[in-house]
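Here's a quick briefing to read with the model open beside you.

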Amino acid sequence: MKPILTTERLILREMAQGDLPALAAIVRDEETMYAYNGAFSEQETQECLDRQLTRYRTDGFGLWAVVLKETGEMIGQAGVSMQPVEDEQVPEIGYLFNRAHWHRGYAAEAAIACKHYAFEVLGVPEIYSIIRDTNIASMNVAIRNGMTIRKRFIKHYRGVDMPHFLFGVRKDTETR
Ligand SMILES: CC(C)(COP(=O)(O)OP(=O)(O)OC[C@H]1O[C@@H](n2cnc3c(N)ncnc32)[C@H](O)[C@@H]1OP(=O)(O)O)[C@@H](O)C(=O)NCCC(=O)NCCS
């Protein structure tokens, strides 16, 4: 599978059906998924993968597999997707990592690469991350990615009203 992006330690590439077990290890874990109101079922996991495969075809981008260069293992997913924020659709950098690989800077490394991809390849003037107000680890990734809070809004997800922050960074104010 052709890499979309490479960083010092990571390769980001499109996911395929064979990545289902690695994806399931992430999205079927309760602790990883607390910001999403709990772990996905088997069916939700397949739907999550199918959503990305559809995005690759229709948008040309989506959440990609994050693979460790050193071992070839898929340790997370990160990428860009269009997401609703109140009445708008915005380009969003998302990231979810296997818990065994947290606290090593991989999420920030992937998120920064996605930001440059969004600015330089997708040509967007501003890129966002949408983060539940309790998800401090994710907010820290957004901050490491040069983002600041744009607004707070309520997201309706899996039958629950959840306060979220919209983080963003503009290309023309980028210093990195
Ligand atoms: C959000 C999430 C991806 C953050 O992962 P993370 O590993 O904490 O994030 P980073 O990649 O930025 O790593 C930062 C940590 O790595 C450490 N680190 C170690 N080596 C590093 C290096 N070479 N470079 C940078 N940081 C490094 C940092 O000190 C920091 O440690 P800390 O967590 O103890 O403060 C992870 O918590 C996750 O998958 N959560 C569940 C899914 C989720 O909520 N996604 C976001 C939805 S909005």
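Helices (H or I, at least four residues) and strands (E, at least two) are DSSP runs, numbered from the N terminus. This is a predicted model, where local features need pLDDT of at least 70, side-chain atom pairs count only at pLDDT 80 or more, and totals for chains, interfaces and linings use all residues. Residues are numbered from 1 along each chain as its sequence is written, and side-chain values use heavy atoms, with hydrogens and water left out.

**Helix H4**

- Ser138, Met139, Val141 and Ala142 are the buried residues of H4.
- These residues sit on the same side of H4, because they cover an arc of only 155° around the axis; the arc is that of the directions from the helix axis to the C-beta atoms.
- Ile136 and Ala137, on the other side of H4, are exposed.
- The buried residues of H4 pack against S5, H3, S6 and strand S8 (160–170), where contact means heavy atoms within 4.5 Å.

**Helix H2**

- H2 has 17 residues, so at 1.5 Å a residue it should span 24 Å, and the 25 Å between its end C-alpha atoms agrees; the expected span is 1.5 Å times one less than the number of residues.
- Buried in H2 are Thr45, Cys48, Leu49, Gln52, Arg55 and Tyr56.
- They cover an arc of only 115° around the axis, which puts them on the same side of H2.
- As a reminder, an α-helix has 3.6 residues a turn, so residues three or four places apart point the same way.
- Glu42, Gln43, Arg57 and Thr58 are exposed, on the face of H2 turned away from its buried side.
- Helix H1 (20–27), strand S3 (63–68) and S4 are among what covers the buried residues of H2.
- Gly60 follows H2 and has a positive phi, near 90°.

**The largest pocket**

- A pocket here is an open set of points on a 1 Å grid over the protein atoms alone, where a 1.4 Å probe fits, with protein on both sides within 12 Å along at least five of seven lines; lining residues have an atom within 4 Å of a point.
- The largest pocket holds about 1,100 Å³ of space, a volume being the space filled by probe spheres set on the points, with grid points joined across faces, edges and corners.
- Elements giving two or more residues to its lining are helix H2 (42–58), strand S4 (74–85), strand S5 (88–97), helix H3 (106–120), strand S6 (126–132), helix H4 (136–144) and strand S7 (148–157).
- The lining has 47 residues, and Tyr36, Tyr95, Leu96, Asn135 and Ser138 lie nearest the centre of the pocket.
- By class, the lining has 22 nonpolar residues, 15 polar and 10 charged. Ala, Val, Leu, Ile, Met, Phe, Trp, Tyr, Cys and Pro count as nonpolar, Asp, Glu, Lys and Arg as charged, and the others, Gly among them, as polar.

**Asn135 and Tyr34**

- Asn135 is in the loop between S6 and H4, and is buried, with a relative accessible area of 15%.
- Tyr34 is in the loop between H1 and H2, and is partly exposed at 39% relative accessible area.
- The two are 101 residues apart in sequence, yet 8.7 Å apart in space, C-alpha to C-alpha.
- Not counting residues up to four places away in sequence, Asn135 touches Tyr34 and Ala35, while Tyr34 touches Arg132, Thr134, Asn135 and Ile136.

**Positive phi outside glycine**

- His103 is a residue other than glycine with a positive phi, near 70°; it lies in the loop between S5 and H3 and is exposed, with a relative accessible area of 79%.
- Arg158 is not a glycine either, but has a positive phi of about 50°. Arg158 lies in the loop between S7 and S8 and is partly exposed at 30% relative accessible area.

**The start of the chain**

- Met1 is in the segment before strand S1 (3–6) and counts as exposed, at 63% relative accessibility.
- Met1 touches Arg13, Glu14, Met15 and Ala16, leaving out residues up to four places away in sequence.
- The C-alpha atoms of Met1 and Ala65 are separated by 10 Å, with the two residues 64 apart along the chain.

Methods
Buried < 20%, exposed > 50% of the residue type's maximum accessible area, 1.4 Å probe, protein only.
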